Amino acid sequence: MKKLLFLLVVNLFPAQQSWTLAQCLDYAAMNHPLVKQSALEIRKNDSRVTAARGLLLPAADMGISHHYGFGSSINQDSNQREAINTQYSQLYAQASWELINWRNYLNISLSRINKETSVYRMKQVQNEVSMNVIQTFFTYRNSRSWLEVLQSQISGIEEQIARTEKEVETGNRPKSDVYDIKANLGTMQEQWVSAKNLRDLSKINLLNALAITRDTLDFTTAEEPLEDPDFTSDLFVRELLEKNPAYRSISKEIEARQKNTALAGSAYLPTLNGSYTWSSFYNRIPGQAAAPLRDQIANNKNQQLAFSLNIPVFNRLQIKSNVEIAKLNVITTFYERDIIINDLIKSIHSIRAEFINAREKYRLLKANFENQQLSFGKSEEKYREGLMDAYTFFIVRNNWLQAKYNLISSKNEVLRQTELLKILKTER
């Protein structure tokens, strides 16, 4: 079994695939254990609907029993008590039917509502899983980008060291320039080790968000133009709120609690039951002649048809208490809905505010990066002409690379908030 699972995982994740965010979201929405668990709840509730409908049908069973009697017993031939041993067999078939019981009809409605609730809960779980994937995906992308920037810095410093050493040999640079650059290289290498650890941990977190236990994936982001969602609509929050599965789920939960109140109150109503029984028996005394089995079964047949009407009169205040508790549960669910609405509105406003700020920051950083790039180009010319010392050029280069990373990180933040907004806007 373990070998089979291993082969399945290997086939599912061939060596080092590269997934985009969309592929990650598609996989997590279908294969995450929490989603699969929620899907099972839907199937369970589907079975509960079938079971509730089944309560409207009659119940039937049949059986056979065989008894041995020793000592004093009734002789079936003389109808007198005697000291005899007997053998007694009985056949029966019976059916019962709740003809009128409003609880059964209410159970069907409640089961349907519970099934719809479980569907929205699964969608809610998918949203939560997707949002976690988005967060960890862009965290990983930022950490990888920072590592790449540091690698560029280190490569640039190593080239600068080699070039400066040649210039020192020719007398164009002082020896101290080499020492200054090598000192900065050590600092960069230390930062690179920390950044590599951060990238590795963020990838582990991303794989965990996808519920994948084997590191056989790499992740990439398709270059897409930055979107400009419309936040100005007065109905923006309401539209996202009404689409949200958490809101729909709690609305269905309120409906279910209200149905539970009616279900508890149905115990006040009378019920009408019907039943039918057919039976026969075979009796014999060992050692004595007895009528044949077929004749006894035919002659001893008995049928009963019965109806019963049950009218509740006094139930020691149990029904009244159950109804009151059910009503309080409805009120509690309304408060739960208010809490969910409050949290959802907070999330929507937060994403909107973070998106607007991230977009504005990206615009400013883009202009700053262009200026830093021009500054670096001029400084590189000055350094090569001997008009700038190594340490100053190192600072200019670092500022340019840091501006480059800040721009990448800012763009990732805009994309992250856009993807989170897409999850809120999607009707699964």
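Does Ser-118 count as buried or exposed, and at what relative accessibility? That is where the first close-up starts; everything shown here comes from a predicted model.

View 1. Ser-118 sits in helix H4, which spans residues 102-170. Its relative accessibility comes out at 6%, so Ser-118 counts as buried, the cut-off for that being under 20%. Leaving aside residues up to four places away in sequence, Ser-118 touches Glu-41, Ile-42 and Asn-45.

View 2. Asn-45 belongs to helix H3, residues 33-54. With a relative accessible area of 9%, Asn-45 is buried. Its contacts, again skipping residues up to four places away in sequence, are Asn-114, Lys-115 and Ser-118.

**View 3. The open sheet S2-S5-S7-S8.** Four strands make up this open sheet, in the order S2-S5-S7-S8, and their pairing is antiparallel. Strand S2 (59-69) and strand S8 (302-310) are the edge strands; each has a single partner strand, so one side of each has no neighbour in the sheet. Ignoring direction, neighbouring strands of the sheet are turned by 20 degrees against each other on average. As a reminder of what holds such an arrangement together, strands of a sheet pair through backbone hydrogen bonds, either parallel or antiparallel.

**View 4. Strand S5 against strand S7.** Zoom in on the pair formed by S5 (residues 86-100) and S7 (residues 271-284). The two run antiparallel and are joined by 13 bridges. For a handy landmark, find Gln-94, which stands opposite Thr-277 in S7.

View 5. Take H6 (residues 236-243) and H7 (residues 245-265) to begin with: their axes come within 5 Å and cross at roughly 60 degrees. That angle makes H6 oblique to H7. On the H6 side the contact is made by Leu-241, Glu-242 and Lys-243, and on the H7 side by Pro-245, Tyr-247 and Arg-248. Sorted by class, the residues of this contact are three nonpolar, three charged and no polar.

Next comes H7 with helix H9 (residues 318-384), where the axes come within 8 Å and cross at roughly 170 degrees. An angle over 145 degrees counts as roughly antiparallel, so that is the label for H7 and H9. The contact of H7 with H9 has 13 nonpolar, eight polar and five charged residues.

View 6. Which phi does Ala-211 have? The value is positive, about 60 degrees, although Ala-211 is not a glycine. You'll find Ala-211 in the loop between helix H5 (175-209) and strand S6 (217-219). Ala-211 is partly exposed, at a relative accessible area of 33%.

Leu-317 isn't a glycine either, and its phi is positive at about 65 degrees. Leu-317 is in the loop between S8 and H9. Its relative accessibility is 53%, so Leu-317 counts as exposed.

**View 7. Glu-354 on helix H9.** Glu-354 lies in helix H9. Its relative accessible area is 37%, which means Glu-354 is partly exposed. Not counting residues up to four places away in sequence, Glu-354 touches Glu-413, Arg-416 and Gln-417. The side chains of Glu-354 and Gln-417 are joined by a polar contact of 2.6 Å. For a sense of scale, look over to Thr-164: Glu-354 and Thr-164 are 190 residues apart in sequence and 45 Å apart in space, C-alpha to C-alpha.

Notes: Residues numbered from 1 in each chain as written. Predicted model: local features only at pLDDT ≥ 70, side-chain atom pairs only at ≥ 80, totals over all residues. Heavy atoms only, no water. Axes fitted to C-alpha atoms, helices over the stretch in contact; angles between N-to-C directions. Parallel < 35°, antiparallel > 145°, perpendicular 65-115°, else oblique. Contact = heavy atoms within 4.5 Å. Nonpolar A, V, L, I, M, F, W, Y, C, P; charged D, E, K, R; others polar. Buried < 20%, exposed > 50% of the residue type's maximum accessible area, 1.4 Å probe, protein only. Pairing = 2+ DSSP bridges. Polar contact = N/O pair within 3.5 Å; in protein donor to acceptor, adjacent residues only side chain to side chain.
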